[in-house]
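Dear colleague,

Please read the notes with the coordinates open beside them.

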Amino acid sequence: MFNVTKKSMQWGDETLTLETGKVARQADGSVVATLGETSVMANVTFAKQAKEGQDFFPLTVHYQEKYYAAGKVPGGFFKREARPTEKETLTARLIDRPIRPLFVPGFKNEVLVMCTVLSHDLVNDPDIVAMIAASAALTISGAPFMGPIAGCRVGYVDGEYVLNPDVEDMSNLRANPDQRLDLVVAGTHDAVMMVESEAYELSEAEMLGAVNFAHEQIKPVTDLIVSLAEECAKEPFDFTPPDYSALYERVKSVGEEQMRAAFAIRDKQERTTAISAAREAIRAQLTEEELEDANLGSAFKKLESSILRGDIISGGARIDGRDTETVRPIESEVSFLPRTHGSALFTRGETQALVVTTLGTGEDEQIIDALHGNFRSNFLLHYNFPPYSVGEAGRVGPPGRREIGHGKLAWRALQAVLPPATEFPYTIRVVSEITESNGSSSMASVCGGSLSMMDAGVPLKAPVAGVAMGLILEDDGRYAVLTDILGDEDHLGDMDFKVAGTENGITSLQMDIKVAGITSEIMEKALDQAKRGRMHILSEMGNALTEAGEFSVHAPRIETMTVPQDKIREVIGSGGKVIREIVEVSGAKVDINDDGVIKIASPNGEAIQKAYDMIYSIVAEPEEGKVYKGKVVKIVDFGAFVNFFGKRDGLVHVSQIENRRLNHPSDVLKEGQEVWVKLLGFDDRGKVRLSMKVVNQETGEEATKEDAAE
């Protein structure tokens, strides 16, 4: 029934296996990839003809994590997988980015790639396995795909690069001081296609070394995919790239002059209007047959690309007049909004981000239900890109893949400089509202996010800045690396290379390319040029703020205390009775962790102190020889019981009340009376022994020997 093909290799500490022919046999390509005991099934289907008039490549990548893969039942009310999680969305983008440039130019048939996590051993992250499975499925599907690609994850511990570190090691870099890098690299056998990382201030040399190490590790995986395809790949789909050279020459002949004049305009809005007018002027001179040609859009893009790229590669100025290394003018402003905890307006040329920081308590932490377990996050960064930011009218809906991806990139760039939760016990939410955009809004979010958090009083280890680099790479080998790219340079160029970091090193790196890979030489030049750009931006940001400002009067104050774990139940009380009473009486929020760390939050310092004292009275132990103020709660023939320490009572024997013989304790005491007592110690049964006579009842000070004699 089955015609199974299976290939395996030793990869690091695990065995990597690719298998096809047993499941999903009606898909154009189906591969189950297994690393350790993590298995991902990738299925590829593609339309055998493009839709009429289709002018873009409709590639869709889905990545799905099934909870059964880890022996879990989904949380929530519905108990089934629903909308994609952030991890699923980011992984889908991770797979899409390196495979999209490798389809034959001009191929516009619909392609669907679906990756499903079938098994997760809680050691090997399924995102890398999914990327390899997707590449293998595409390679054997017959689609016009110029792969294969492969990917791997790299860590960095004690100066050594680590291939595919465990999920647990990478789940929270902030909690693992030995691990300084989480890097994902994808590429073909010959070149790197995609980079995604978060890091702890790595140098440019260390980061480049990690990328080169990763590329060497993925080469044998691409060879494994090729060996699989040699045995079971389908016949290549009969596709001939369309020849629109005649149409391009026609468009160029009637419109190059006007289009070149449009690109010479330096203001973005005026330039956009002029380019649209040039397109309409060109269309007015074309025949009806030429207007109906599906490749007209490609011809327009080629003309625009040749103008922008040609001027730069020949040593001329960029479309806004800059040279290849100059950063656009920067303006930074903090405390932009009056009532928020922290805010910043960061403007770089025609890109602007309004970034706001809100400080919350432990109750505001995000609970994440992941395959490898539930965990909490106390740092959130959300990125919003409304249509008005680019002067357009469009639909506004929930965050899309792009917004989630850009937000995560900024999150990665900033998380490395956050203070430890033990020193700054707040939940931090940063929201970046992109109010203007002409390239690199994610890096503007990094700069604005750094300023905004410092404005809120967050003691960052160092300010962080980010810059987007571009690339113009010609067929003859000539190239130019561009600092701080514009939207048009991103759209018509060959690379989007984003680098963020402090003065001491890189905290995040992301690279996407539109060609079949770049060399280590180009990447080294881009990193070096990006460092100079980053230092300039950090200097400009310093004009607004260089370190944490004053804590906002509108933000909650949080104090922490640690109690023995065996005392947690006493603080909470039966059914939460005690903790509810503390909150109601003090007016402060109280959050208790399983490790005994208690966070007390309130804008009112007195409320915090009151809650602290109430908790302390429950968990603290009285000290022998110390004087306490107490209240008589019960009088008996042989003495009086005094409540002197929280809910702790002790006996003052009748002989310890005064320095004279009493007939009965009631001669000098009554219930409810406040008295000073000294803790003498504990008897053999653990009962508390107190004394009044050794304490001056007026001052609360221990009585002198003379006082005692009297």
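A charge is taken to sit over a ring if NZ of Lys or CZ of Arg is within 6 Å of the ring centre and within 35 degrees of the ring normal. Please keep in mind throughout that this is a predicted model. By that criterion, the charged end of Lys302 sits over the ring of Tyr248, at 4.6 Å from its centre, and Arg402 lies over the face of Phe385, with 4.2 Å to the ring centre.

Aromatic pairs come next. A pair of aromatic rings is described by the distance of the centres and the angle of the planes. The structure holds 20 aromatic pairs. In one of them, the rings of Phe46 and Phe237 have centres 5.4 Å apart and planes at 80°, so the pair is edge-to-face. This pair links distant parts of the chain, since Phe46 belongs to strand S4 (residues 38–46) while Phe237 is in the loop between helix H4 (204–232) and helix H5 (245–263), 191 residues apart. Phe46 counts as buried at 6% relative accessibility, whereas Phe237 is partly exposed, with a relative accessible area of 22%.

A further pair is formed by Phe424 and Phe551, whose ring centres are 6.5 Å apart and whose planes stand at 70°, so this pair is edge-to-face. Phe424 lies in the loop between H9 and strand S17 (427–436), and Phe551 in the loop between helix H12 (520–541) and strand S22 (557–562), so the pair ties together parts that are 127 residues apart in sequence. Phe424 counts as buried at 7% relative accessibility, and Phe551 is partly exposed, with a relative accessible area of 22%. Ring pairs also link Phe46, Phe57, Phe103, Phe107, Phe145, Phe237 and Phe239 into a cluster.

Leaving aside neighbours within four places in sequence, Phe497 is in contact with Val467, Ala468, Met469, Leu509, Gln510, Met511, Met523, Ala526 and Leu527.

Ala134, in helix H2 (residues 126–141), is buried with a relative accessible area of 0%, and, not counting residues up to four places away in sequence, Ala134 touches Ala42, Val44, Ile95, Val113 and Cys115. His406, in helix H9 (residues 401–415), is buried with a relative accessible area of 11%, and with the same exclusion His406 touches Arg93, Tyr383, Ser441 and Ser442.

Strand S18 (residues 465–473) pairs with S19 in the antiparallel sense over five bridges, and Leu471 stands opposite Val481 in S19. Strand S19 (residues 479–483) is mostly covered, as four of its five residues are buried. Five residues lie between the two strands of this hairpin, in which Gly477 takes a positive phi near 95°.

Finally, the UniProt record, an unreviewed entry, places the feature "domain: S1 motif" at residues 625–693. Over residues 625–693 the chain is 0% helix and 52% strand, with the end C-alpha atoms 14 Å apart.

With best regards

Note on methods
Residues numbered from 1 in each chain as written. Predicted model: local features only at pLDDT ≥ 70, side-chain atom pairs only at ≥ 80, totals over all residues. Heavy atoms only, no water. Contact = heavy atoms within 4.5 Å. Buried < 20%, exposed > 50% of the residue type's maximum accessible area, 1.4 Å probe, protein only. Pairing = 2+ DSSP bridges. UniProt positions renumbered as here; feature names shortened; annotations may be inferred. Phe/Tyr/Trp six-rings, centres within 6.5 Å; stacked < 30°, edge-to-face > 60°.
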